[in-house]
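Biologist: Please put the model up. I'd like to go through it bit by bit.

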Amino acid sequence: MTQNKYVLNWINEMAEMTCPDKIVWIDGTEAQAEALRAEACSTGEMIKLNQELLPNCYLHRTAVNDVARVEGRTFICTSKKEDAGNINNWMAPEECYAKLSKLYKGSMKGRTMYVIPYSMSIVGSPFAKYGIELTDSIYVVLNMLIMTRVGTNVLEALGESGDFIKGLHARADIDEENRYICHFPEDNTIWSVNSGYGGNVLLGKKCFALRIASYLGRKEGWMAEHMLILGVEYPNGETKYICAAFPSACGKTNLAMLIPPELYRNNGYKVWCVGDDIAWLRVGEDGRLWAVNPENGFFGVAPGTNLNSNPNALYTTMKDTIFTNVVHNLDNNSVWWEGLDKNPPTNAIDWKGNVWDCTKYDKKDKSTCGAHPNSRFTALAANCPCLSSEFNNPKGVPVSAIVFGGRRAKTAPLVYQSTSWQNGAFVGSIMASETTAAAAGAVGVVRRDPMAMRPFVGYDMGDYWAHWLKMGTLIPNAPKIFHVNWFRTDDEGNFIWPGFGDNMRVLMWILARCEGKVEADITPIGYVPHAEDIDIEGLDGVTVDTIRELLTVDKESWLADIDNIKEFYAQVGDRVPQAMYDELAALEARLKA
Ligand code: GTP
Ligand code: SPV
Ligand code: MN
């Protein structure tokens with residue numbers, strides 16, 4: 001497949017360690033993919049679903065102890081500990097290589113090693129970065145074929161160069177005690193062992209396109225961010241682009257694919273999806289910030305996806321999709337998850353592979369769920385009905401606004417705007433959100449998650465903030481920066497804001513602000529809308545007073561947050577830029593004034 005000696009030598013070395021029975025190169029052809037699907041079905045690794053209802057769709061169940069990213073077992077292995085920073089786990093590279101080599105040793109005996117040459121972003125484009133993932137999992141191969149651009153053309157584009165990310169993945173024993181997701185940014189290397197789930201093993205995604213790429217971006221003057229990219233098309237045909245960073249399972253896929261409320265549709269507004277999880281951002285020759293989505297598919301949260309909340313995602317998953325850890329409906333050999341509809345299947349297998357009794361389902365007890373709360377679909381971007389015509393444009397799209405957001409029952413208002421790039425970067429640095437099932441550990445605990453990147457920055461968090469500040473000085477026509485919160489609750493714990501498609505109403509205010517077309521109130525935290533300027537026409541049960549409530553800035557709860565932010569900054573450590581401390585002090589002073 002290639003004569004590239006860097007590639008061949010590395011594969012030999014990895015094969016000597018892992019001892020596969022054979023090595024198979026993935027060429028990106030449909031014939032090879034189809035043979036692998038058949039093989040996975042023959043061993044039970046995947047289940048072929050009803051081909052009339054769900055053509056080319058499959059179901060996979062991971063091990064019960066292996067259902068989410070494992071942040072506690074994710075390491076950044078820089079030669080100096082300070083370069084990984086206090087927020088990341090760190091291991092010395094030699095120590096980590098030695099430790100994991102033992103786990104890899106002979107782990108592919110009796111198995112096949114697949115060689116996946118893939119590209120993040122469009123092959124041959126100036127933005128593209130190449131990787132090769134070695135894995136002993138057909139499930140990983142089939143997911144990578146959807147999520148990235150895979151094939152021999154990647155090897156051709158790479159040529160004789162050694163400039164590619166070396167990823168090694170072995171399922172080994174799926175032993176959680178010995179599960180490691182390790183990054184060696186100085187060596188362009190990723191080693192993952194003892195997992196078979198999503199972000200732990202699809203190495204192009206979080207490991208490469210965020211952790212390694214953020215490290216490269218800092219060196220090379222660009223940014224890798226945990227952001228969706230969407231375009232709002234106006235009735236006159238003009239399209240404005242927005243990037244938004246929300247933590248895992250906090251609404252990126254949903255916002256990226258939103259269908260505008262009827263009123264807007266009737267007036268000719270459309271929303272187009274460019275990406276739902278990762279954005280690579282560069283300064284264009286025109287002085288604007290340009291975004292590309294380096295991925296080729298969506299690894300989206302299944303629960304809660306339905307014809308009302310996100311019809312575009314549902315349509316996207318109706319063919320060529322791999323479902324992971326959802327309910328298997330035996331009556332029609334299809335799939336189901338909590339929140340899909342009100343008719344759970346009565347003859348069904350749950351995500352653990354056990355017979356599932358839907359009558360035992362109790363909303364408050366996650367252990368009664370049929371689908372795992374972090375069950376997912378892997379679907380082709382090309383199958384998304386609202387995919388942007390710019391999806392394959394190697395230049396990307398120009399960004400008008402950057403939006404941060406979190407899952408906050410209180411404190412954060414529906415929307416506010418920062419007062420400058422520096423203030424906006426500060427707003428990103430103090431983001432907080434309730435934890436979700438996307439990572440192993442407690443769910444619903446508020447934690448600081450700067451720029452939604454806490455689990456994904458491949459170097460010191462303070463340096464990452466400094467990089468944000470520096471980028472601001474390099475973008476003459478920088479996007480405006482906002483913060484949103486769809487998740488404020490009332491005293492009974494119900495969401496106040498309807499969310500989903502109606503989030504368009506907030507996007508319209510954001511874009512109007514970018515064009516200087518609407519006034520706002522200045523508050524201690526930034527610009528907050530006049531309640532009347534959030535369009536509520538056609539919204540049931542939401543009045544101007546509801547909006548007023550959603551927009552309140554409660555000084556007491558913000559001051560309580562300030563204490564928590566100070567603790568967090570101290571934890572990030574001595575590389576927190578002075579400008580962030582200045583912003584923090586100014587915010588505190590304004591709240592106390
Ligand atoms: P990752 O893929 O983990 O990075 O997550 P994501 O940010 O793409 O999250 P996603 O859009 O999949 O949403 C996760 C959950 O939040 C789903 O269960 C959604 O139904 C729910 N959700 C998304 N948007 C909204 C909203 O506007 N309001 C409410 N109440 N829930 C929402
Ligand atoms: C996330 O957790 O932010 C995801 C899913 O997008 S995973 O690919 O598993 O990281
Ligand atoms: Mn994500």
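Modeller: In this predicted model, helix α10 (residues 262–266) contributes 3 residues to the lining of the second largest pocket, the most of any element. A helix is a DSSP run of H or I of at least four residues, a strand a run of E of at least two. A pocket is an open set of points on a 1 Å grid with protein on both sides within 12 Å along at least five of seven lines, and lining residues have an atom within 4 Å of a point.

Biologist: What volume does the second largest pocket have, and which residues are closest to its centre?

Modeller: The volume is about 410 Å³, counted as the space filled by probe spheres set on the points. Of its 25 lining residues, Pro261, Asn308, Gly499, Gly501 and Asp502 are the closest to the centre. The lining divides into 12 nonpolar, 7 polar and 6 charged residues. Charged means Asp, Glu, Lys and Arg; Ala, Val, Leu, Ile, Met, Phe, Trp, Tyr, Cys and Pro are nonpolar, and the others, Gly among them, are polar.

Biologist: How are the residues and chains numbered and lettered?

Modeller: Residues count from 1 along each chain as its sequence is written, while chains are lettered from A and ligands numbered from 1 in the order in which they are written. Local features need pLDDT of at least 70 and side-chain atom pairs 80 or more, though totals for chains, interfaces and linings use all residues, and side-chain values use heavy atoms, without hydrogens or water.

Biologist: Now the metal. Which residues coordinate the manganese ion (ligand 3)?

Modeller: Lys206 (NZ), His226 (NE2) and Asp277 (OD) coordinate the manganese ion (ligand 3) at 2.2 to 2.3 Å. Donors are N, O and S atoms within 2.8 Å of the metal, or 3.2 Å for Na, K and Ca. Along the chain, the donors follow the spacing K-x19-H-x50-D. Lys206 is in helix α8 (residues 204–220), and His226, 20 residues away, is in the loop between β12 (223–225) and β13 (228–233).

Biologist: Is Lys206 buried or exposed? And what about His226?

Modeller: Lys206 is buried, at 6% relative accessible area. His226 is buried too, at 0%. Buried is under 20%, exposed over 50% and partly exposed in between, using a 1.4 Å probe on protein chains only.

Biologist: Which residues of α12 are buried?

Modeller: Helix α12 (residues 421–429) has 8 of its 9 residues buried. Among them are Trp421, Phe426 and Val427.

Biologist: How many cavities of 30 Å³ or more are there?

Modeller: The search finds 4 in the whole structure. A cavity is a set of points where a 1.4 Å probe fits but cannot get out. The largest cavity has a volume of about 90 Å³, and its lining includes Arg408, Val427, His483 and Trp558. Helix α16 (residues 555–572) gives the largest share of that lining, 3 residues. By class, the lining has 8 nonpolar, 1 polar and 3 charged residues.

Biologist: And the second largest cavity: which residues line it?

Modeller: Ser121, Arg149, Asn293 and Glu390 are among them. The second largest cavity holds about 70 Å³ of space, and its lining residues are 6 nonpolar, 4 polar and 2 charged.

Biologist: Backbone next. Where is Asp320 found, and where is Ala452?

Modeller: Asp320, in the loop between α11 (311–316) and β19 (322–324), has a positive phi of about 55° although it is not a glycine. Ala452 also has a positive phi, about 60°, and sits in the loop between β28 (446–448) and α13 (461–474). Asp320 is partly exposed at 22% relative accessibility, whereas Ala452 is buried at 1%.
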